[in-house]
Amino acid sequence: MANLSLKTLQDAVVDSQVWKSIFRHGYTMNRRNRLLAITNNVFYHILPTKITKHGMRMRFHWGAGIMTFYLFLVLTFTGVLLMFYYVPTVPRAYFDMKDLQNVVPFGNILRNMHRYAAHAMVFMVMVHMARTFYTASYKPPREFNWMVGVILLKLTFLLSFSGYLLPWDQLAIWAVTVGTNMARATPMLGYEGPFSNLIGLKITNDIRFALLGGTTVGSATLLRFYVLHCIALPIALTALIAVHFWRVRRDGYSGDVPVKTS
Ligand code: HEM
């Protein structure tokens, strides 16, 4: 009896307009609907609908792309929680970080999850790039997605670099001083780089000045790096990851070579 009413309820849910507006395929699991369930689902459709066994093997894809993505999700989640406790001003940044470690319940775990996931993401994105290189996945028709990947790599590095300043300890300040000093030698962007005098670059209008908000690391730098780290770079990365996934599906998977059966 209980089973019967459960079945009626299930049928009512599956027949409702709300259900049908979310799941466009029918409920019976025939061959066609199984395929539609995959094509219509945003979470299942990272890879093309049809894929060979070879393409699905761990030893082919190493799971590195999807692991990079999961790490990005962990970083977004823990990063939003960290934002509740951290204020990016010179008098507060360092002490907020210390409070997170010593006062906030589970704060140390939260901070370390964010930190280690960041290291792991930088490592995994390089592993993923190595895999796509070794399997020649950069060749046509995937050249565009490779270029999207290169920008994703740069954005991942920039996220890691901008996050490094936020604890506002000696390590952070001097690492960013060294890093941004390199920027001043960038061709056509830094005032000490090649062609700088042709376009009138000075210490007060080059890329380093734009990054620091001045000529040395200071309160303006902390605010700029915070905005870059928490808003601009994550939005850019999210948008490009969407394009990247869409192209993986559109271009077909490079692991999908016909497997010889004879
Ligand atoms: C935030 C960084 C990135 C994320 C989250 C990401 C994610 C993914 C995922 C989930 C896939 C499909 C599964 C797989 O093949 O592992 C994929 C495929 C691919 N990725 Fe990335 N990726 C990133 C960065 C890069 C970089 C740096 C490159 C290279 C410069 C790259 C090039 C490619 C290519 C060419 C494919 C197609 C692979 C094929 O068809 O075999 N990706 N990516």
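**Helices and the iron site**

In this predicted model, residues M97, L100 and Q101 of helix α7 meet G107, N108 and R111 of helix α8. Helix α7 covers residues 93–102, and where it packs on α8 the two axes lie 5 Å apart, at an angle of about 115 degrees. Angles of 65 to 115 degrees count as roughly perpendicular, and α7 is therefore roughly perpendicular to α8.

Helix α8 can next be followed along its length. At 1.5 Å a residue, its 28 residues should span 40 Å, and this agrees with the 40 Å between its end C-alpha atoms. After α8 comes A136, which has a positive phi, near 55 degrees.

The iron atom of the ligand is coordinated by the NE2 atoms of H128 and H244, at 2.0 to 2.1 Å. The site is octahedral, with angles of 85 to 179 degrees among the six donor atoms of the iron. Because H128 lies in α8 (residues 107–134) and H244 in helix α12 (residues 219–251), the pair ties together parts that are 116 residues apart in sequence. Both H128 and H244 are buried.

Leaving aside residues up to four places away in sequence, R247 touches P141, F144, N145 and G252.

Definitions and conventions
Residues are numbered from 1 along each chain as its sequence is written. This is a predicted model: local features need pLDDT of at least 70, side-chain atom pairs count only at pLDDT 80 or more; totals for chains, interfaces and linings use all residues. Side-chain values use heavy atoms; hydrogens and water are left out. Donors are N, O and S atoms within 2.8 Å of the metal (3.2 Å for Na, K and Ca); water is not among the atoms, so sites may look incomplete. Four donors count as tetrahedral if all angles lie between 85 and 135 degrees; four count as square planar and six as octahedral if opposite donors are over 155 degrees apart and all others between 65 and 115; anything else is irregular. Helices (H or I, at least four residues) and strands (E, at least two) are DSSP runs, numbered from the N terminus. Buried means under 20% relative accessible area, exposed over 50%, partly exposed in between (1.4 Å probe, protein chains only). Contact means heavy atoms within 4.5 Å. The expected span of a helix is 1.5 Å times one less than its number of residues. Axes are lines fitted to C-alpha atoms, for helices over the stretch in contact, and angles run from 0 to 180 degrees between N-to-C directions. Angles under 35 degrees count as roughly parallel, over 145 as roughly antiparallel, 65 to 115 as roughly perpendicular and the rest as oblique.
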